[in-house]
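Please have a look at the sequence and the model before reading on.

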Amino acid sequence: MSPESLNHSVYYKESDIYSFGILAYELISEKDAFKMDGYKLIDAIVNHKHRPELSEGMCGKDLKGIIQECWKDNWKDRCTFDEICRRL
């Protein structure tokens with residue numbers, strides 16, 4: 001779930017962009033994005049801006065940039081699905 005959804009129970013189409021970035025990470029890495037759950041996970045995402053680590057060589061520079069843009073804390077700063085499709 002996106003930070004704004006976890007923190008304020010609000011959902012925007014950009015919230016789905018955040019989720020897309022998490023899913024893309026999990027598909028590329030073949031790992032769970034987070035190793036914690038419950039309140040620890042919410043605290044890590046919302047208050048400490050924790051995101052999964054995209055290690056060197058996991059994916060190309062362009063894809064890494066897209067995923068990181070999907071994870072921006074402010075939903076207004078995230079890329080759109082149209083932008084993602086164009087860049088892929």
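## About the model

This is a predicted model, in which local features need pLDDT of at least 70 and side-chain atom pairs count only at pLDDT 80 or more, while totals for chains, interfaces and linings use all residues. Residues are numbered from 1 along each chain as its sequence is written, and side-chain values use heavy atoms, with hydrogens and water left out.

## Overall fold

The C-alpha trace spans about 35 × 25 × 15 Å along its principal axes.

Of the 88 residues, 34% count as buried; here buried means under 20% relative accessible area, exposed means over 50%, and partly exposed is in between (1.4 Å probe, protein chains only). The accessible surface comes to about 6,000 Å², and 50% of it belongs to carbon and sulfur atoms. These areas come from the Shrake-Rupley method with a 1.4 Å probe, and for residues only the protein chains shown count as cover. Among contacts (heavy atoms within 4.5 Å) between residues at least 6 apart in sequence, 50% join residues at least 24 apart.

## Salt bridges

How many salt bridges does a search of the whole structure find? There are 4, where a salt bridge is a side-chain nitrogen of Lys or Arg within 4 Å of a carboxyl oxygen of Asp or Glu. One of them joins Glu4 and Arg78, whose closest N and O atoms are 2.8 Å apart. Glu4 lies in helix H1 (residues 3-8) and Arg78 in the loop between helix H4 (61-70) and helix H5 (81-87), so this pair ties together parts that are 74 residues apart in sequence. Both partners are buried: Glu4 has 6% relative accessibility, and Arg78 has 5%.

Arg51 pairs with Asp73, with 3.5 Å between the closest N and O atoms. This bridge links the loop between helix H3 (38-46) and H4, where Arg51 sits, to the loop between H4 and H5, where Asp73 sits, 22 residues apart. Arg51 is buried at 15%, whereas Asp73 is partly exposed at 33%. Lys49 joins these two residues in a network of salt bridges. Glu69 and Arg87 also meet in a salt bridge (2.9 Å, N to O), and this pair connects helix H4 with helix H5 across 18 residues. Glu69 is partly exposed at 22%, and so is Arg87 at 38%.

## Two positive phi angles

Most residues other than glycine have a negative phi. Glu30, however, has a positive phi near 60°. Glu30 is found in the loop between helix H2 (13-29) and H3 and is exposed, with a relative accessible area of 73%.

Lys49, a member of the salt-bridge network, also has a positive phi, near 55°. Lys49 lies in the loop between H3 and H4 and is partly exposed at 47%.

Technical notes: Helix = DSSP H or I, 4+ residues; strand = E, 2+ residues; numbered from the N terminus.
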